[in-house]
Amino acid sequence: MRFGLDVAQQRMPWSEIASRVQFAEQLGFDGVWGFDHFQPMYGEGPGECFEGNTTLAAWSGITSKVRLGLLVTGMTYRHPAIFAAEAITIDHASNGRLELSYGAAWFEKEHRELGIPFPELKDRLDAFEEAVQIVRGLLTTDGFTFEGRHHSVRDATLRPRAVQRPHPPIWIGASGEQRTIPIAARYADVWHCFGPPQFLAPKAEILERHAEAAGRDPASIAKAASLSLDEVDLDGVAHRIDKWRDAGFDYLVCGLTP
């Protein structure tokens, strides 16, 4: 079992965020995780919040071993070609420590307030599946072309290639059994979902069935979940870890409310 620490970059001064990231590396966490939002997700009123991908680039300069990711990057915030270019840059800045996470985005309030288009669910999920294919294609292929209904690239090449080959591990955040879990089954290296083990175990079985239908070995897709350290005592933490391990999960992102 591997463990990451959630260091969502909100409602804290930058110096404190940086200290938490470095402390996580010193403690031996496998990864540190921010989030991809422009406004705080909890608490009262406006508050400090740093942008996600530039945060990862900054973290790459104050760490040397711990892996870096956002849980998860929202497709709606950037054209997939821009996101692929940002991912390559972060992977180089960190010397190959990027976990490339992706999701269809969900925080409607933030979109509406900041003027970011927020398509209806079906269109958003269709666009997300196209975006995943474009990102992976641009990370691995010269002269890549993809013609979609929502996103297109034509004879496109991004250089340099990422440090990690063929590309940084692609995490897909997915809970929907009809659309997003099947997308993860087709394209993800790591599937992440929120919820307790008893909720996630049946979803993991659905993921595995869709992976087999897509011609993939289900064992090639790692499974990740999140553990709030606010909610349980140490005995409870150990018990939950055992439950997740029994359900076939490989990675837990641990979070503490600031």
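Which residues does Tyr102 touch, not counting residues up to four places away in sequence? They are Val72, Thr73, Met75, Pro80, Phe83, Phe128, Ala131, Val132, Val135, Trp171, Ile172 and Gly173, where contact means heavy atoms within 4.5 Å. This is a predicted model, in which local features need pLDDT of at least 70 and side-chain atom pairs count only at pLDDT 80 or more, whereas totals for chains, interfaces and linings use all residues. Residues are numbered from 1 along each chain as its sequence is written, and side-chain values use heavy atoms, with hydrogens and water left out.

**Barrel and packing helices**

- Eight strands form a closed barrel in the order 1-2-3-4-7-8-9-10, with parallel pairing; strands (E, at least two residues) and helices (H or I, at least four) are DSSP runs numbered from the N terminus.
- From one strand to the next, the twist averages 25°.
- Strand 1 (residues 2-6) pairs with strand 10 (residues 251-255) in the parallel sense over five bridges, pairing being defined by at least two DSSP bridges between two strands.
- Within this pair, Asp6 has Gly255 of strand 10 as its bridge partner.
- Helix 2 (residues 52-60) packs on the sheet and touches strand 2 (31-34), strand 3 (67-70) and strand 4 (98-102), its direction making about 170° with that of strand 3.
- Helix 6 (residues 180-187) lies across strand 7 (170-173) and strand 8 (190-192), at about 170° to strand 7; axes are lines fitted to C-alpha atoms, for helices over the stretch in contact, and angles run from 0 to 180 degrees between N-to-C directions.

**Tyr102**

- Tyr102 belongs to strand 4 and is buried, with a relative accessible area of 1%.
- Buried denotes under 20% relative accessible area, exposed over 50%, and partly exposed in between (1.4 Å probe, protein chains only).
- Trp191 is 89 residues from Tyr102 along the chain, and their C-alpha atoms are separated by 10.0 Å.

**Arg149**

- Arg149 sits in the loop between strand 5 (144-147) and strand 6 (152-156), and it is exposed, with a relative accessible area of 59%.
- Beyond residues up to four places away in sequence, Arg149 touches Asp123, Asp126 and Glu130.

**Arg216**

- Arg216 lies in the loop between helix 7 (197-213) and strand 9 (222-228).
- Arg216 is buried yet has no salt bridge, and the nearest side chain of opposite charge, Asp189, is 4.5 Å away.
- A salt bridge requires a side-chain nitrogen of Lys or Arg within 4 Å of a carboxyl oxygen of Asp or Glu; Lys and Arg count as positive, Asp and Glu as negative, and His and the chain ends are not counted.
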